[in-house]
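Hi everyone, thanks for making the time. Let me put the chain up on the screen, and then we can walk through it together.

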Amino acid sequence: MTAFAPDSLVLNRKLPLWYQVSQSLRASILGRGPHDPLRLPTEEQLAEHYGVSVLTMRQALKELEAEGLISRHRRRGTFIEPGARRGAPRRLLGSIDAIVAQQSGELTTVIGHGTAAVPGDLAEFFTDVDEVVTYRRLRRDGDSGEPTNWAENAVRPDIAAVLDVGDLERWPMTKVLRDVIGVRISRITDTVEARLADPETAELLQVPLLSPILHYTGVTYDDEGRVVDVARIRYRGDRFSFSVTVEAE
């Protein structure tokens, strides 16, 4: 039986290896195609693929099993749950692959894009350009079709010039920037705060006006220190929570 082939991963030795592996494999699972195999490679094969120990791989798989994304069967192997839905809190822990995983696995529709003057609240990030290209996307649950969040990305014009809008319906912006366009991302700064749904958000997410939402801002920097993308994502407050893990050095 053919096994599912996960994406590759460049490990950051400053972060827990099991966490990075679990988030990378999670993104691969949630972003898989409809005809991809459900059977995962063995623990040994996955450990070799990611360049980690079997014990580290086992801990990563345990995390995904607890989330309900995979099931493990003695003597039969490990399988992706075809109807799995994410329900665990989203973790913010300094990994680009974690950001990709956070954004993967949902049906995405581009609902608009165009060039505009840099908004006043983003002027501090785009100090060397007068305009940005904005992309607006609505994400829905892959099973129920229910809207879960909508995103608005402000991107530098030189980056937008080589960006294919169709890719944004296939992959998260972070993956498109890093893996498709080849932007050398140095860091992403995340901010999450509670807000009330404005009329546009209430309509897009199908929630009552002024109901609680989670407002996420992600500022992406390249290796020259330039801001290449500012993402503002509004999440339904009844579907998501965020957690931050601090590791002892």
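Let's start at one residue, Ser 211, which counts as buried because its relative accessible area is 14%, where buried means under 20%, exposed means over 50% and partly exposed is in between, with a 1.4 Å probe and protein chains only. You will find Ser 211 in the loop between helix H7 (199-205) and strand S8. Leaving aside neighbours within four places in sequence, Ser 211 is in contact with Arg 195, Leu 196 and Ala 197, and contact here means heavy atoms within 4.5 Å. Ser 211 and Gly 237 are 26 residues apart in sequence, yet their C-alpha atoms are 8.0 Å apart in space.

A quick word on what you are looking at. This is a predicted model, in which local features need pLDDT of at least 70 and side-chain atom pairs count only at pLDDT 80 or more, while totals for chains, interfaces and linings use all residues. Residues are numbered from 1 along each chain as its sequence is written, and side-chain values use heavy atoms, with hydrogens and water left out.

Now the overview. The chain has seven helices and ten strands; these are DSSP runs numbered from the N terminus, helices being H or I with at least four residues and strands being E with at least two. Of the 249 residues in the chain, 48% are buried. If you take contacts between residues at least 6 apart in sequence, 62% of them join residues at least 24 apart.

Is Thr 201 buried or exposed? Thr 201 is buried, with a relative accessible area of 0%. Beyond its neighbours within four places in sequence, Thr 201 touches Trp 150, Gln 206, Val 207, Ile 213 and Arg 234.

Over in strand S7 we have Thr 189. Thr 189 is partly exposed, at 36% relative accessibility. Not counting residues up to four places away in sequence, Thr 189 touches Thr 217, Gly 218, Val 219 and Tyr 221. With Tyr 221, the separation is 32 residues along the chain and 8.4 Å between C-alpha atoms.

Next, the cores. In soluble globular proteins, nonpolar side chains tend to be buried together. Which residues touch the most other members of the largest core? They are Tyr 135, Leu 168, Met 173 and Leu 177, out of 20 residues in that core. Among the elements giving two or more residues to this core are strand S5 (131-140), strand S6 (147-155), helix H6 (173-181) and strand S7 (185-196).

Leu 168 is worth a click. Leaving aside neighbours within four places in sequence, Leu 168 is in contact with Thr 108, Val 110, Tyr 135, Arg 137, Leu 163, Met 173 and Val 176. There is also a second, separate core of 19 residues, including Leu 11, Leu 30, Leu 40 and Met 57.

While we are at H6, its buried residues are Met 173, Thr 174, Lys 175, Val 176 and Leu 177. Just after H6, Gly 182 takes a positive phi of about 95°.

Lys 175 brings us to Asp 7, as the two are in contact. Asp 7 lies in the segment before helix H1 (17-30), and Asp 7 is partly exposed, with a relative accessible area of 38%. Asp 7 and Tyr 50 are 43 residues apart in sequence and 9.3 Å apart in space, C-alpha to C-alpha.

Last stop, the aromatics. How many aromatic pairs does the structure hold? It holds one, where rings of Phe, Tyr and Trp (its six-membered ring) pair if their centres lie within 6.5 Å, and planes under 30 degrees apart count as stacked, over 60 as edge-to-face and the rest as tilted. The partners are Trp 18 and Tyr 19, edge-to-face, at 6.1 Å centre to centre with 85° between the planes. Trp 18 is buried, at 18% relative accessible area, and Tyr 19 is buried too, at 1%.

That's my tour, so over to you for questions.

Definitions and conventions: A nonpolar core is a set of buried Ala, Val, Leu, Ile, Met, Phe, Trp, Tyr and Cys residues joined through side-chain atoms within 4.5 Å.
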